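Please read it alongside the sequence and the structure.

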Amino acid sequence: MSEQNQATTEEQQAVLQIQRIYVKDVSFEAPNLPHIFHQEWKPKLGFDLSTESVQVGDDLYEVTLNISVETTMEDSGDVAFICEVKQCGVFTISGLEEVQMAHCLTSQCPGMLFPYARELISSLVNRGTFPALNLSPVNFDALFIEYMNQQQAAAENAPQEEEVKH
(Lines give C-alpha, C1' and ligand atoms only; values in the text may rest on other atoms or scores of the structure.)
Protein backbone atom coordinates (compact mmCIF):
# COMPACT_ATOMS: atom_id res chain seq x y z
CA MET A 1 0.00 0.00 0.00
CA SER A 2 2.82 2.41 0.84
CA GLU A 3 4.35 1.80 -2.63
CA GLN A 4 1.07 2.91 -4.23
CA ASN A 5 0.96 6.04 -2.07
CA GLN A 6 4.59 6.83 -2.91
CA ALA A 7 3.94 6.41 -6.65
CA THR A 8 0.84 8.63 -6.42
CA THR A 9 2.80 11.27 -4.50
CA GLU A 10 5.55 11.26 -7.14
CA GLU A 11 2.98 11.66 -9.92
CA GLN A 12 1.34 14.54 -8.06
CA GLN A 13 4.65 16.38 -7.77
CA ALA A 14 4.69 17.22 -11.50
CA VAL A 15 3.45 20.80 -11.79
CA LEU A 16 2.65 23.02 -14.78
CA GLN A 17 0.85 26.26 -13.93
CA ILE A 18 0.43 29.48 -15.87
CA GLN A 19 1.46 32.46 -13.78
CA ARG A 20 1.10 35.20 -16.39
CA ILE A 21 0.61 35.59 -20.15
CA TYR A 22 1.69 38.80 -21.86
CA VAL A 23 2.90 40.43 -25.07
CA LYS A 24 6.59 41.26 -24.84
CA ASP A 25 7.02 42.82 -28.27
CA VAL A 26 4.78 43.53 -31.23
CA SER A 27 5.43 45.12 -34.61
CA PHE A 28 3.18 45.78 -37.58
CA GLU A 29 4.53 47.39 -40.74
CA ALA A 30 2.73 48.14 -44.00
CA PRO A 31 5.49 49.89 -45.96
CA ASN A 32 3.67 50.14 -49.29
CA LEU A 33 0.40 51.72 -48.23
CA PRO A 34 -1.77 53.04 -49.75
CA HIS A 35 -0.70 51.96 -53.26
CA ILE A 36 -0.73 48.27 -52.27
CA PHE A 37 -4.55 48.45 -52.23
CA HIS A 38 -4.57 49.35 -55.93
CA GLN A 39 -3.13 45.94 -56.84
CA GLU A 40 -5.06 42.72 -57.26
CA TRP A 41 -4.95 40.91 -53.91
CA LYS A 42 -2.79 37.85 -54.60
CA PRO A 43 -0.80 37.46 -51.39
CA LYS A 44 2.11 35.15 -50.77
CA LEU A 45 2.44 34.43 -47.06
CA GLY A 46 5.75 33.81 -45.31
CA PHE A 47 5.49 32.38 -41.80
CA ASP A 48 8.29 31.89 -39.28
CA LEU A 49 7.89 30.45 -35.79
CA SER A 50 10.36 29.81 -32.97
CA THR A 51 10.37 29.42 -29.21
CA GLU A 52 12.72 30.44 -26.43
CA SER A 53 12.71 29.64 -22.74
CA VAL A 54 14.59 31.11 -19.81
CA GLN A 55 14.55 30.09 -16.17
CA VAL A 56 13.66 33.23 -14.20
CA GLY A 57 13.43 31.75 -10.70
CA ASP A 58 12.98 28.56 -8.74
CA ASP A 59 10.65 26.45 -10.90
CA LEU A 60 9.70 29.62 -12.87
CA TYR A 61 10.25 29.76 -16.62
CA GLU A 62 9.55 32.47 -19.16
CA VAL A 63 8.58 30.95 -22.49
CA THR A 64 8.52 33.14 -25.59
CA LEU A 65 6.71 32.25 -28.79
CA ASN A 66 8.14 34.29 -31.69
CA ILE A 67 5.92 34.56 -34.76
CA SER A 68 6.73 36.53 -37.88
CA VAL A 69 4.32 36.83 -40.80
CA GLU A 70 5.34 38.57 -44.01
CA THR A 71 2.89 38.96 -46.85
CA THR A 72 4.09 39.98 -50.30
CA MET A 73 2.12 40.49 -53.47
CA GLU A 74 2.59 37.57 -55.83
CA ASP A 75 2.70 39.66 -59.03
CA SER A 76 4.75 42.70 -57.98
CA GLY A 77 6.72 41.29 -55.04
CA ASP A 78 5.75 44.36 -52.99
CA VAL A 79 5.52 43.81 -49.25
CA ALA A 80 1.91 44.20 -48.10
CA PHE A 81 2.63 43.84 -44.40
CA ILE A 82 5.02 42.39 -41.85
CA CYS A 83 3.70 41.39 -38.45
CA GLU A 84 5.97 40.19 -35.64
CA VAL A 85 4.79 39.09 -32.22
CA LYS A 86 6.64 37.88 -29.14
CA GLN A 87 3.95 36.27 -26.99
CA CYS A 88 5.27 35.27 -23.56
CA GLY A 89 4.19 33.41 -20.51
CA VAL A 90 5.65 32.73 -17.10
CA PHE A 91 5.04 29.17 -15.98
CA THR A 92 5.67 27.28 -12.78
CA ILE A 93 7.10 23.92 -13.82
CA SER A 94 8.50 21.29 -11.50
CA GLY A 95 8.77 17.56 -10.99
CA LEU A 96 9.69 16.74 -14.59
CA GLU A 97 12.62 14.81 -15.96
CA GLU A 98 14.87 16.32 -18.65
CA VAL A 99 12.97 15.12 -21.74
CA GLN A 100 9.61 15.92 -20.12
CA MET A 101 10.87 19.41 -19.26
CA ALA A 102 12.09 19.95 -22.85
CA HIS A 103 8.69 18.82 -24.15
CA CYS A 104 6.91 21.10 -21.73
CA LEU A 105 9.01 24.18 -22.60
CA THR A 106 9.00 23.66 -26.38
CA SER A 107 5.56 22.14 -26.95
CA GLN A 108 3.04 22.44 -24.15
CA CYS A 109 3.78 26.04 -23.10
CA PRO A 110 4.00 27.41 -26.67
CA GLY A 111 0.76 25.55 -27.42
CA MET A 112 -0.90 27.52 -24.63
CA LEU A 113 0.55 30.80 -25.94
CA PHE A 114 -0.31 30.29 -29.61
CA PRO A 115 -4.03 31.19 -29.44
CA TYR A 116 -3.14 34.54 -27.85
CA ALA A 117 -0.53 35.31 -30.53
CA ARG A 118 -2.88 34.14 -33.28
CA GLU A 119 -5.64 36.47 -32.09
CA LEU A 120 -3.22 39.41 -31.79
CA ILE A 121 -1.90 38.89 -35.33
CA SER A 122 -5.43 38.63 -36.68
CA SER A 123 -6.38 41.86 -34.92
CA LEU A 124 -3.30 43.74 -36.18
CA VAL A 125 -3.88 42.65 -39.78
CA ASN A 126 -7.53 43.67 -39.48
CA ARG A 127 -6.54 47.12 -38.13
CA GLY A 128 -4.30 47.51 -41.19
CA THR A 129 -7.53 47.02 -43.21
CA PHE A 130 -6.15 43.94 -44.94
CA PRO A 131 -8.30 40.86 -45.59
CA ALA A 132 -8.69 38.57 -42.58
CA LEU A 133 -5.72 36.43 -41.65
CA ASN A 134 -6.39 33.44 -39.43
CA LEU A 135 -3.28 31.36 -38.87
CA SER A 136 -3.79 27.62 -38.90
CA PRO A 137 -3.25 25.77 -35.63
CA VAL A 138 0.29 24.51 -35.03
CA ASN A 139 1.02 20.97 -33.84
CA PHE A 140 3.83 21.71 -31.38
CA ASP A 141 4.01 18.02 -30.37
CA ALA A 142 4.85 17.07 -33.97
CA LEU A 143 7.49 19.83 -34.11
CA PHE A 144 9.02 18.56 -30.86
CA ILE A 145 9.14 14.96 -32.16
CA GLU A 146 10.75 16.18 -35.41
CA TYR A 147 13.34 18.13 -33.40
CA MET A 148 14.11 15.10 -31.20
CA ASN A 149 14.47 12.89 -34.29
CA GLN A 150 16.88 15.42 -35.84
CA GLN A 151 18.93 15.50 -32.63
CA GLN A 152 19.07 11.69 -32.52
CA ALA A 153 20.09 11.49 -36.20
CA ALA A 154 22.79 14.11 -35.67
CA ALA A 155 24.14 12.20 -32.67
CA GLU A 156 24.19 8.94 -34.65
CA ASN A 157 25.94 10.58 -37.63
CA ALA A 158 28.51 12.43 -35.55
CA PRO A 159 32.02 11.13 -36.14
CA GLN A 160 33.06 8.79 -33.40
CA GLU A 161 36.26 9.71 -31.61
CA GLU A 162 38.97 7.28 -32.47
CA GLU A 163 40.73 5.57 -29.64
CA VAL A 164 44.20 6.91 -29.08
CA LYS A 165 46.70 4.10 -28.74
CA HIS A 166 49.90 4.70 -26.82
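Ile-93 is in contact (heavy atoms within 4.5 Å) with Val-15, Leu-16, Asp-59, Tyr-61, Met-101, Cys-104, Leu-105 and Cys-109, when its neighbours within four places in sequence are left aside. The model is a predicted one, in which local features need pLDDT of at least 70 and side-chain atom pairs count only at pLDDT 80 or more, while totals for chains, interfaces and linings use all residues. Residues are numbered from 1 along each chain as its sequence is written, and side-chain values use heavy atoms, with hydrogens and water left out.

Ile-93 also belongs to the largest nonpolar core, which has 28 residues; Ile-93, Ile-67, Phe-81 and Ile-121 are those with the most contacts inside this core. Such a core is a set of buried Ala, Val, Leu, Ile, Met, Phe, Trp, Tyr and Cys residues joined through side-chain atoms within 4.5 Å, where buried means under 20% relative accessible area with a 1.4 Å probe, protein chains only. Two or more core residues come from each of β3 (60–73), β4 (79–94) and α2 (98–127), and the largest share, 11 residues, is supplied by α2. Helices (H or I, at least four residues) and strands (E, at least two) are DSSP runs, numbered from the N terminus.

The four strands form an open antiparallel sheet in the order β1-β4-β3-β2. β1 (15–29) and β2 (43–57) stand at the edges with a single partner strand each, so one side of each has no neighbour in the sheet. Strands pair if DSSP finds at least two bridges between them. Two of the pairings are set out below.

| Strand pair | Sense and bridges | Residue pair |
|---|---|---|
| β2 and β3 | antiparallel, 14 bridges | Gln-55 with Tyr-61 |

β2 and β3 form a hairpin with two residues between them, and Asp-59 in this turn has a positive phi of about 60°. α2 lies across β1, β2, β3 and β4 and runs at about 140° to β4; axes are lines fitted to C-alpha atoms, for helices over the stretch in contact, and angles run from 0 to 180 degrees between N-to-C directions.

Which elements each supply at least two residues of the lining of the largest pocket? They are β2, α2 and α3 (140–157). The largest share of this lining, six residues, comes from α3. Among the lining residues are Leu-49, Ala-102, Thr-106, Phe-140 and Tyr-147.

Technical notes
Buried < 20%, exposed > 50% of the residue type's maximum accessible area, 1.4 Å probe, protein only. 1 Å grid on protein atoms, 1.4 Å probe; cavity = no way out; pocket = protein on both sides within 12 Å on 5 of 7 lines; lining within 4 Å.
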